[in-house]
Amino acid sequence: TVHSEMATPYIMHFGNEDQKRKWLPKLVSGEAITGIAMTEPGAGSDLRNISTTAKKTPDGYVINGQKVFISNGQLSDVFVVATKTKDDYSLDSMSLFIVEADRAGFQRGKNLKKMGIKAQDTSELFFDDVEVPAENLIGEEEGQGFRQLMRGLARERLAISVSCVSKAE
């Protein structure tokens, strides 16, 4: 569910044509698995309070920070990562990036123990000077991440609710 109903739609709805051409066939075929990295130790699910940053460089961006409770964290080949591209609490301070798991500086933490949904791992993720090219920014420009997440989270919460009701029945 995280792969197909939560992470992939960010690339499908907000990615540019090159990102869609590169990733969607792999994500649909199962050649690549994806996850979405939002939650942080100091911010929980208060997305506007995240501290993972993406600083612009001449070649793209450098990402630093930590994520926790990330579903598919151990399995994913690529992540949609929520970052701060502006150091404030405004609606346009956040951006989403596609981050491949084989990039230097990216590290998976331990697989966290949890109750239920055992087939889907939950992990910590660490970003230590992870360089990504400018074309890995999701959206037309910086600062669209919070609005993108708000659109996606509504759909994700609905999918979780339907699943829970179905299981209860």
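Lys86 is partly exposed, with a relative accessible area of 34% (partly exposed lies between buried, under 20%, and exposed, over 50%, using a 1.4 Å probe and protein chains only). Its side chain meets that of Asp92 in a salt bridge, 2.9 Å from N to O (a side-chain nitrogen of Lys or Arg within 4 Å of a carboxyl oxygen of Asp or Glu). The model is predicted: local features need pLDDT of at least 70, side-chain atom pairs count only at pLDDT 80 or more, and totals for chains, interfaces and linings use all residues. Residues are numbered from 1 along each chain as its sequence is written, and side-chain values use heavy atoms, with hydrogens and water left out.

**Salt bridges**

- The count comes to 6 salt bridges.
- Asp92, the partner of Lys86, counts as partly exposed at 35% relative accessibility.
- Lys22 pairs with Glu100, and their closest N and O atoms are 3.8 Å apart.
- Lys22 lies in helix α2 (residues 17–29) and Glu100 in strand β5 (residues 94–100), so this pair ties together parts 78 residues apart in sequence. Helices (H or I, at least four residues) and strands (E, at least two) are DSSP runs, numbered from the N terminus.
- Lys22 is partly exposed at 43%, while Glu100 is buried at 8%.
- Glu100 also forms a salt bridge with Arg103, at 2.6 Å from N to O.
- Arg103 is partly exposed, at 24% relative accessibility.
- Shared partners join Lys22, Glu100 and Arg103 into one network of salt bridges.

**Strand β7: Leu125**

- Leu125 is found in strand β7 (residues 122–133).
- Leu125 counts as buried, at 0% relative accessibility.
- Beyond its neighbours within four places in sequence, Leu125 is in contact with residues including Ala37, Gly65, Ile70, Phe79 and Phe106 (contact means heavy atoms within 4.5 Å).
- The C-alpha atoms of Leu125 and Glu40 are separated by 9.4 Å, and the two residues are 85 apart along the chain.

- Glu131 counts as exposed, at 54% relative accessibility.
- Asp59, Asp128, Asp129 and Glu131 form a negative surface patch.
- Patch members have over 30% relative accessible area and no salt bridge; like charges are joined within 9 Å, and nonpolar side chains (Val, Leu, Ile, Met, Phe, Trp, Tyr) within 5 Å.
- Asp and Glu count as negative, Lys and Arg as positive; His and the chain ends are not counted.
- A charge is placed at NZ of Lys, CZ of Arg, CG of Asp or CD of Glu.

Technical notes
Areas by Shrake-Rupley, 256 points an atom, 1.4 Å probe, with all protein chains shown as cover.
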